[in-house]
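My notes follow in the order in which I looked things up.

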Amino acid sequence: MKKIILQACCAPCACYPIKKLLNDNYLPVVFFYNPNIFPYKEYLIRKNELENYCAKLNIDFFYDQYDIKKFYLETKGLEHEGEKGARCLVCFKLRLLKTALYAKKNNISYFTSTLSVSPHKDYNQILTAGRYAQDQTGVEFVEYNFKKQDGFKISRSIAKENNMYAQSYCGCLFSIRNRK
């Protein structure tokens, strides 16, 4: 099996991607870098839920420091953008670049993201961010659209079976404002 870094935002979104990667002969190493998540309590809930799920599956789990100031600095001026707007692309680039740098530092040749499992995310933005991170680091971005073949539905089903915490918003302060 080839190791691949899987950038993950939360446990419910990671369920199907982990399963799919294993089926495709990859060994996922889950990386949690999400400086966008607000408030910090929410960040900890998501991190701990994902870490527990990885432990249950015997999947390696790593995370980088919470740095919401970095997120706000990078997205300054984009606070009023809606979901799938320019702010999301900046956020994806920030997170996927950090993921690719982590892969490079650990001599892992591939990375991908759970972001594409969500029907609330623009797949083209994810591709743009992944390719950007690949160009910056030389680590190959494996282009998975995990929402295909009912990936989102399967992820939610697995999450429900495992009694996982499922959040009601993307993660950032701005998505809280935009939820209805």
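## Thr75 and its surroundings

I began with Thr75, and found that Thr75 touches Arg87, Val90 and Phe174, leaving aside residues up to four places away in sequence. I keep in mind throughout that this is a predicted model.

Where does Thr75 lie? I placed Thr75 in the loop between α3 (68-74) and α4 (86-105). Buried or exposed, I asked of Thr75? The relative accessible area of Thr75 comes out at 1%, and the cut-off for buried is under 20%, so I put Thr75 down as buried. I also looked at what the side chain of Thr75 does: one of its polar atoms lies 2.8 Å from the backbone oxygen of Phe71.

## Helix α1 against α6

Next I checked how α1 (residues 11-23) packs on α6 (residues 151-161). The angle is about 110° and the axes are 7 Å apart. Angles of 65 to 115 degrees count as roughly perpendicular, so I wrote down α1 as roughly perpendicular to α6. I noted the crossing of α1 past α6 as right-handed.

Then I listed who meets whom. From α1 I have Pro12, Cys13, Ala14, Cys15, Tyr16, Pro17 and Lys19, and on the α6 side Gly151, Ile154, Ser155, Arg156, Ile158 and Ala159. Sorted by class, the residues of this α1 and α6 contact are nine nonpolar, two polar and two charged.

## Helix α1 against α2

I stayed with α1 and turned to α2 (residues 40-57). Here the axes come within 9 Å and cross at roughly 30°. Angles under 35 degrees count as roughly parallel, so α1 goes into my notes as roughly parallel to α2.

Which residues make this contact? I found Ala11, Ala14, Cys15 and Ile18 on α1, with Glu49, Leu50, Tyr53 and Leu57 on α2. The class count for α1 with α2 is seven nonpolar, no polar and one charged. Looking back over both lists, I see Ala14 and Cys15 of α1 named in the contact with α6 and again in the contact with α2.

## Glu140

I moved on to Glu140, which I found in strand β5 (residues 140-141). Glu140 and Phe111 are 29 residues apart in sequence, yet their C-alpha atoms are 6.4 Å apart in space. Phe111 is also among the residues that Glu140 touches; the others are Ser109, Tyr110 and Gln134, not counting residues up to four places away in sequence. I get a relative accessible area of 41% for Glu140, so I call Glu140 partly exposed.

Last, I went through the peptide bonds and phi angles. A cis peptide bond joins Phe38 and Pro39, with omega at about -5°. I located Pro39 in the loop between β2 (26-32) and α2.

Lys84 has a positive phi, near 75°, and is a residue other than glycine. I found Lys84 in the loop between α3 and α4, which is also where I had placed Thr75.

Asn163 is not a glycine either, and its phi is positive at about 50°. I put Asn163 in the loop between α6 and α7 (173-178).

Note on methods: Residues numbered from 1 in each chain as written. Predicted model: local features only at pLDDT ≥ 70, side-chain atom pairs only at ≥ 80, totals over all residues. Heavy atoms only, no water. Helix = DSSP H or I, 4+ residues; strand = E, 2+ residues; numbered from the N terminus. Buried < 20%, exposed > 50% of the residue type's maximum accessible area, 1.4 Å probe, protein only. Polar contact = N/O pair within 3.5 Å; in protein donor to acceptor, adjacent residues only side chain to side chain. Contact = heavy atoms within 4.5 Å. Axes fitted to C-alpha atoms, helices over the stretch in contact; angles between N-to-C directions. Parallel < 35°, antiparallel > 145°, perpendicular 65-115°, else oblique. Left-handed = near helix turned anticlockwise from the far one by under 90°. Nonpolar A, V, L, I, M, F, W, Y, C, P; charged D, E, K, R; others polar.
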